[in-house]
Each structure stands twice: as structure tokens, then as C-alpha cells.
Amino acid sequence: MNISARNLLSGKVTTVRKGAINSEVELSLDGGETIAAVITNASLEEMGIKEGMEAFALVKAPLVIIAKGNTGLKFSARNVLQGTVKKIAQGSVNAEISIQLQGSGIITSIITKGSVAAMALQEGDQVSAIFKASSVILAVKA
Amino acid sequence: MNISARNLLSGKVTTVRKGAINSEVELSLDGGETIAAVITNASLEEMGIKEGMEAFALVKAPLVIIAKGNTGLKFSARNVLQGTVKKIAQGSVNAEISIQLQGSGIITSIITKGSVAAMALQEGDQVSAIFKASSVILAVKA
Amino acid sequence: MNISARNLLSGKVTTVRKGAINSEVELSLDGGETIAAVITNASLEEMGIKEGMEAFALVKAPLVIIAKGNTGLKFSARNVLQGTVKKIAQGSVNAEISIQLQGSGIITSIITKGSVAAMALQEGDQVSAIFKASSVILAVKA
């Protein structure tokens, strides 16, 4: 792959809601989950995004939050994907967490080593990968 | 805590402004500062966010910019919190900076080692932690 | 410089489009490229941003995606800047990539080591630096 975003999820556009500056686009992933993206209207028009179209959702790994077990909280982030921690690669400040999604595909998240320790995060843990609709870049075949 | 976002600030909703796609929510922190968040209307409604409600602002550490002294600039980022550098943990590429806020609480920022060097950033420095309203996730008790 | 954002690009405001909550601002860089930013209306008014004004676009390095060669995709991200990889600094989890822009100036991106490997990214490669309009903070002289 020649793009640096670790997270490239394939799906189909199901809903387009247009505002004055931004539009909200919903994508039904091949694995079954739904992803919401907020993009500018200029991008929506340039890409010709319409319901039924095939598209990809891209998310940079540092924008993905991980929650483990019951946080007792409801989040404003539109995207909450369930999965299992597959691999933890520790660096000196950050750690890279690979999450096998329930539907299909893998989501990568970069969190601090401090968060890994505070959560006692381990391979095999059930987690949620959480990210904002505004963190999602949409892509379509050129 | 079972959530990977290092920055979870507690407060009360003071203002809600609704647009076509997004809403802007202002939170008055327990420490006295004000935080602005932009979230989708869908999230606002699902969470039932109203003025007077208790809520949390979450910000991922890589989204927090640090400014030291007088930059001579005004920023479009809505959130500018004053504090003191408490700890600098250096990695090979990134550094994790813990900032003790004036009000209360700690904000963590991930910046490059290059930025630490360029700013000659040291423990004890007076700094601002800067982040966009669109970088904030809101959470409420479930 | 006393600000931690590695990417501070100087230019002139060419367009302002106002929505209910957010505004879209276009900046023509000194190097010739165009940058789009989405900021809140509250910021737009506080800063007094108008067409013709000098301004800076700030982008945090972890928000910059890198694409190499032809991806066969069109992206919703408004900002796509062409350049050449000048330097790759590898850490244990992340890598810092410095890109010499075609126009002028340098853009820094933080991507995972895994992405560097998957893309076989090397110094001298022709790449695009891609980031969303909502990832941009605008600054003006105080």
C-alpha cells in the first residue's frame, strides 16, 4: 500500500447529510460496522460522493482512542468499533496497538505507554476503538 | 481508568449552539477554565446534552500543541489552557509533556523531540496547551 | 520558535465561507500552494479574519498522511501538497518524515514505522502530504 494511514476500511456509502460547510457521510463497512465521516462540501462535490457508492474510510492511528471494558461513559465520538487486541508494540513514549475488529479488518491505534500501563492493556483484551467523524478521511477510486 | 485518552477534564455544560451538521458545546471545567467542543448533532441528541449537565472533555495527547512565552500570534484554536511543565519524557522521535494546569488537573501532550529542542522546553516552563474544538470528544455518564 | 507545531506555513487569506458553526478559510501560501482550514465562527470573529490578510496555517505532524506514487484513490482531505522526502528519522514505534515542498517550506509528518516499511519509503521519494481542513489551526499576528 502506498499510503501511510494504517487504517483503511472498505465499505459502501449509505447516507449523505449536507450542511452549509460540512457534510456527514455514513459508510457501511464490508465487515458490517457503520462509520460516520464529516468532510467539507467542496470535497463531497469534487469526489461525486453519492449513496450506494463504494468508498474507503481512512483514520490516522494517533486519532484512535481505546476503551476497555465498561467505562460507564457515553461518548460524542460517532465511531465505536468492537474488537480484540491482537498485538502491542511498545516504544519509549508511545505504543502501537493492533485491534482485530469483530466485523473484519484491523484497526491500529497509537496511544502512550502510560495509557497502556494505566489500562493494564494486554493482548486478547476486548476493547473499543473510538474516533470522531471529523477524524475520518474518505477515499474513492479515481 | 479504562480509556486511553490521557486528557479527561471534568466540567459542566454552559452553552450549546446547533448548526446543520455540527454543534458547538462549551464546558466550564471544575478548575475554572472553559473548553469548547464541536460534535455532530447526531451525538448531541444521542447523549441528550443540555446546559447544566455534567460532562467530560477528552483530548488525545498528539492533538495538543504547546506554546511557550509570547508567540506574537493569535490562534484559531478555541482551547488555550495555561499551565506549567511538570515532566518531560523523551523518546527517540516523540516526547511526552505533562502540564499542570492553573485551574486544576494535568494535560498531556505528545510533541516531537525536534520541537522540544527548538523551544528549549524545560520542566518548570510556563506554557499554553492549545487544541481545536474539533479535537475534543465529549463524554457523559451512561 | 516557541510553538510545538512543526508545520507553520505562511500565506494570505483568499476566501472565507461562513456556515452556522464553522467557516472554511482558504490561504494562498507564499510557496504557491493553497491550504483550506475549517475553524469555528467564534474564532473567525475573534481573529478578525478577512480576505487579503496575512495568516499562518499550523498542522500537527501526527495529522499528516503521506501518499507515494499513484494510489489510484481520490481523497476527501482538502489539503494535498507535493514534495520530496528529505529526511526519515526512525524511532521504535513512529518515524518522523521531513518533506521538502515543491513551492517552498518543509512539512513534517509522524507516521508509524510499519507504514514506512509497507511503503518502502526512502529519502528522495516523491510524495504527497495530505491533511484535512479541520486539522488546520490558523494564526495571525497579534
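**Close-up views of a predicted three-chain model**

**Figure 1. Chain C superposes on chain A by rotation.** Chain C can be laid on chain A with an RMSD of 0.0 Å through a turn of 120° and a shift of 0.0 Å along the axis. That is the relation of a three-fold axis. A turn of 120° with a shift of 0.0 Å along the axis likewise places chain A on chain B, again at an RMSD of 0.0 Å. Copies are superposed by least squares on the C-alpha atoms of residues with pLDDT of at least 70 in both. The model is predicted: local features need pLDDT of at least 70, side-chain atom pairs count only at pLDDT 80 or more, and totals for chains, interfaces and linings use all residues. Residues are numbered from 1 along each chain as its sequence is written, chains are lettered from A and ligands numbered from 1 in the order in which they are written, and side-chain values use heavy atoms, with hydrogens and water left out.

**Figure 2. The "Mop" domain annotation of chain A covers two spans.** The unreviewed UniProt entry assigns "domain: Mop" to residues 2-68 and 74-140 of chain A; such annotations may be inferred rather than shown by experiment. Residues 2-68 of chain A are 10% helix and 55% strand, with end C-alpha atoms 32 Å apart. For residues 74-140 of chain A, the content is 10% helix and 58% strand, and the end C-alpha atoms lie 31 Å apart. Helices (H or I, at least four residues) and strands (E, at least two) are DSSP runs, numbered from the N terminus.

**Figure 3. Chain A meets chain B.** In this interface, 38 residues of chain A contact 38 residues of chain B (heavy atoms within 4.5 Å). The two chains bury about 2,800 Å² between them, 62% of it on carbon and sulfur atoms; this is the accessible area (1.4 Å probe) lost on being put together, summed over both parts. Elements that each supply at least two residues to the side of chain A touching chain B include β1 (7-18), β2 (22-29) and α2 (113-119).

**Figure 4. Arg6(B) and Glu96(B) form a salt bridge.** Their side chains meet at 3.9 Å, N to O; a salt bridge requires a side-chain nitrogen of Lys or Arg within 4 Å of a carboxyl oxygen of Asp or Glu. Arg6(B) lies in the segment before β1 (7-18) of chain B and Glu96(B) in strand β8 (residues 94-101), 90 residues apart.
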